[in-house]
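User: I am new to this structure and would like a close look at one part of it. Please keep the account plain.

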Amino acid sequence: MGKKLLSIIIPCYNEEKTVETIYVAITDTMDMLPQYDYEILFVNDGSKDNTLNKLTGLSEMDVHVKYYSFSRNFGKEAAIYAGLTNARGDYVVTMDADMQDPPALLPEMTRILESGEYDSIATRRVSRKGEPVVRSFCARCFYKLIRRISDADIVDGARDFRMMTRDMVNSVLALSEYNRFSKGIFGWVGYRTKWLEYENIERSAGETKWSFWKLFVYSLDGIVNFSNVPLMISSYLGILMTFISFVAIIFIIVRKLIFGDPVSGWPSLVCIITFVGGIQLFCMGIMGQYLSKTYMEVKKRPHYIIQKSNDEETEKNK
């Protein structure tokens, strides 16, 4: 029997300062795993810097390197999906290019998978050292919330750095939805997962591409994609406001009949109307999020478009 193939997927967006560093770290680590053949799949997500030229140079120097360059920026989720689609390995790894996912864990991950006890080795940070306090607090709140309202197993501090068997990768690819939230998808498909913990590692170079606003929008996508609780909340709010309005009407009628008080107080009336209108807009916004996701799904647009690649068998779009 030949060697097992290990596919390592690395999404890149303006990572010209880190791609060579992560490449060297991975190749050094793979030298310690001579029993495996490997391929490094760099997915260039429409970078505007010199990332593509760096990847082209690496691919010309090393046959283990493959690159897939998008026609524009489609987002990290599309990059991960493109990598999974084109990966041919028996084991498949997803990781970031900024060295916050340590390649030194690869030997331990392969050892655990080889035992046959698990189908996936995932990683999580046990601390958020170096992150802004507000961002760290909001992230922890998000994980607590989504674990309560979703049926997907999403662990606090979970990273995109994980190793999966071919069976699990095929199951993930079977979920071809356009609106993707990989952490939720990995948890939803199930399989036996082992969690490895490590301290937070700062980027080796460059700056994070995830602003607070982008993370907030991403978290909303995760909630909408894996829970219908927001819709239930809007329904419950509607029932509650209807009940309160009915009680208020009865109260006004009874007060008029018993005490003969005129109906007065237009400022309070305006406040109530504004409050109820806000509740209505909030509920419509929730429903709008679900409708927009449905709209994007039914159009059946491809997740990505690959403009350039050194892989002759690549899936140009899917």
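Which side chain meets E114 in a salt bridge, and what is the N to O distance?

Analyst: The model is a predicted one. In it, the side chain of E114 meets that of K4 in a salt bridge, with 3.4 Å from N to O. E114 belongs to helix α4 (residues 106-114) and K4 to strand β1 (residues 4-12), so this pair ties together parts that are 110 residues apart in sequence. As for accessibility, E114 is partly exposed, at a relative accessible area of 36%. K4 is also partly exposed, at 33% relative accessibility.

K66 sits in strand β3 (residues 65-70) and E39 in strand β2 (residues 36-44), so here the parts tied together are 27 residues apart in sequence. K66 counts as buried at 18% relative accessibility, because the cut-off for buried is under 20%. E39 is buried as well, with a relative accessible area of 5%.

Another of the salt bridges joins D96 and K76, with the closest N and O atoms 2.8 Å apart. D96 is in the loop between β4 (91-94) and α4, while K76 is in helix α3 (residues 76-86); the pair links distant parts of the chain, 20 residues apart. D96 is buried, its relative accessible area being 12%.

To return to the part asked about, E114 in helix α4 and K4 in strand β1 form the pair, and their salt bridge spans 3.4 Å from N to O.

How values were computed
Residues are numbered from 1 along each chain as its sequence is written. This is a predicted model: local features need pLDDT of at least 70, side-chain atom pairs count only at pLDDT 80 or more; totals for chains, interfaces and linings use all residues. Side-chain values use heavy atoms; hydrogens and water are left out. A salt bridge is a side-chain nitrogen of Lys or Arg within 4 Å of a carboxyl oxygen of Asp or Glu. Helices (H or I, at least four residues) and strands (E, at least two) are DSSP runs, numbered from the N terminus. Buried means under 20% relative accessible area, exposed over 50%, partly exposed in between (1.4 Å probe, protein chains only).
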